[in-house]
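Have a look at the structure first, and then I'll talk about salt bridges.

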Amino acid sequence: MNEEMLNLKPAKVFYYFNEITKIPRPSKKEAKMSEWLEKTGIEMGLPTKRDKVGNVLISKPATPGKENVTPVIFQAHMDMVCEKNNDTDFDFEKDAIQTYIDGEWLKAKGTTLGADDGIGVAMALAILADKELQHGPIECLFTIDEETGLTGANELEPGFMSGKMLINLDSEDEGQFFIGCAGGMDTVATMECDYEAVKDLDDAPYQFFKLTVKGLQGGHSGDDINKGRGNAVKLLARLLWNAYCEYGVRIVDIKAGNLRNAIAREGYAVVAVPEVNAESLSAYIKDMDATYKSEFHATDAGVMVVMETAEKADNVFEETFQIDLMNALMVCPHGVQAMSQDIPGFVETSTNLASVKKEDDKIIITTSQRSSVESRKQAVVDKVATTFWMVGADVQSGEGYPGWTPNPDSEVLRVLVDAYKNLYKKEPQVLAIHAGLECGLFSEKYPGLDMVSIGPTMRGVHSPDEKLEIKTVQMCWDLLIEFFRLLK
């Protein structure tokens with residue numbers, strides 16, 4: 001299984017990543033991964049412990065003569081975003097990820113690859129397994145549930161780790177070192193469904209269709225939010241709003257988007273339309289397909305709108321309820337809300353309209369907000385909440401997580417920068433990131449912990465287009481080896 005990966009370099013890193021692809025590890029269901037990591041640490045003969053929530057810490061003593069070198073923690077999260085194409089038959093709780101090499105990239109067949117952050121886990125394990133490496137005291141921390149709640153970092157107990165420096169292995173651009181990140185919060189709106197019988201609408205017969213928006217890239221709701229990509233929830237809502245106004249379309253069912261931290265790639269609605277308007281609706285869908293292709297020709301050229309025949313239904317959404325839902329989805333903000341006033345080109349505040357789903361007799365709308373300014377994070381949370389309060393929805397926001405304030409005088413950053421310059425004869429970029437990282441929570445629990453985030457290049461994370469640039473894994477590994485050589 002995935003044997004061609006074993007020929008890639010660095011061999012030990014890809015050996016461990018290959019093993020990781022065999023282990024189911026959806027967010028909040030990482031028990032098998034946690035147990036495997038604990039077993040691996042014990043088999044290495046290294047001090048290993050697992051906390052009450054499933055975080056694992058494996059320690060490696062200093063090599064002789066390096067006992068007084070600053071202790072370093074390498075950290076990665078064990079869970080992965082589980083996204084697949086609709087036509088892919090795959091169970092993330094049972095099946096192994098099927099990888100393949102496409103030129104310079106490692107990809108998965110129809111699913112997320114899980115390099116976010118499986119490759120970080122693999123690098124940390126390779127460090128632990130390397131018997132030639134000269135180093136000071138090392139700890140490798142593997143956390144649970146980074147993707148859907150930062151639960152592992154949030155539940156980390158003081159004293160669980162003891163290192164003074166931390167290298168987070170969860171970034172996605174080789175040559176970029178991150179020293180700050182945005183904080184975030186989720187906001188979920190719930191609307192009780194009201195229905196009416198199709199037979200009670202009027203005397204005209206109705207036809208039933210499934211309207212689908214698909215072919216979008218999606219992507220990470222932090223890293224990719226400023227790239228102008230389409231959002232399937234917004235595009236579907238726009239489609240339905242006009243279809244109701246022009247052709248009397250009534251909604252039977254709706255589902256678009258999936259995870260709160262992914263930009264929605266696909267969505268559909270099952271609708272009823274008066275038979276007399278069916279042909280006009282078909283023409284309208286073709287027009288909107290062309291319109292969306294034109295609007296997103298540079299950023300999401302694969303977008304398409306499809307109309308298919310659907311089974312007859314007895315009930316549709318009650319008209320006032322449908323209008324409220326469509327109005328709320330139409331006006332709900334999505335995308336960049338403010339750019340940084342201090343860092344040119346850096347997104348300060350954003351919001352992601354992540355998904356809309358009918359569950360039982362309720363409509364659940366999930367959104368997520370991010371900002372590196374705490375007051376503006378709360379302001380955009382309130383803006384989203386107000387959108388749904390106005391239509392009578394129940395709105396709940398999570399506790400959220402803090403941002404990570406940059407420290408440009410960081411010692412771990414200085415050593416990594418020197419190592420990078422030694423290897424590649426150029427300066428790395430030192431940045432903050434709009435995505436959330438666990439470092440914000442670590443800084444709360446371990447004040448004074450000196451941190452930086454690095455990683456190899458990945459693209460399309462949080463979507464089935466996720467891919468890992470193979471050569472940058474070796475570059476990142478070489479950087480860590482040079483870091484150990486320079487660290488005093």
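So, what I'm calling a salt bridge is a side-chain nitrogen of Lys or Arg within 4 Å of a carboxyl oxygen of Asp or Glu. Keep in mind that this is a predicted model.

With that cut-off, Asp186 and Arg260 make the list: their side chains meet in a salt bridge, at 3.2 Å from N to O. Asp186 sits in strand S9 (residues 183–192), while Arg260 is in the loop between strand S12 (250–257) and strand S13 (267–274), so this pair ties together parts that are 74 residues apart in sequence. Buried or exposed, what about Arg260? Arg260 counts as buried, because its relative accessibility is 13%. Asp186 comes out at 23%, so that one is partly exposed.

How many salt bridges does the structure hold? There are 22.

Another one I picked out is Lys52 with Glu157, where the closest N and O atoms are 3.6 Å apart. Lys52 is in the loop between strand S1 (48–50) and strand S2 (56–60), and Glu157 is in the loop between helix H4 (151–155) and strand S7 (165–168), so here the tied parts are 105 residues apart in sequence. Lys52 is exposed, at 66% relative accessibility, and Glu157 is partly exposed, at 39%.

Then there's Lys199 with Asp200, a salt bridge at 3.5 Å, N to O. Both of those residues are exposed.

Conventions. Residues are numbered from 1 along each chain as its sequence is written. This is a predicted model: local features need pLDDT of at least 70, side-chain atom pairs count only at pLDDT 80 or more; totals for chains, interfaces and linings use all residues. Side-chain values use heavy atoms; hydrogens and water are left out. Helices (H or I, at least four residues) and strands (E, at least two) are DSSP runs, numbered from the N terminus. Buried means under 20% relative accessible area, exposed over 50%, partly exposed in between (1.4 Å probe, protein chains only).
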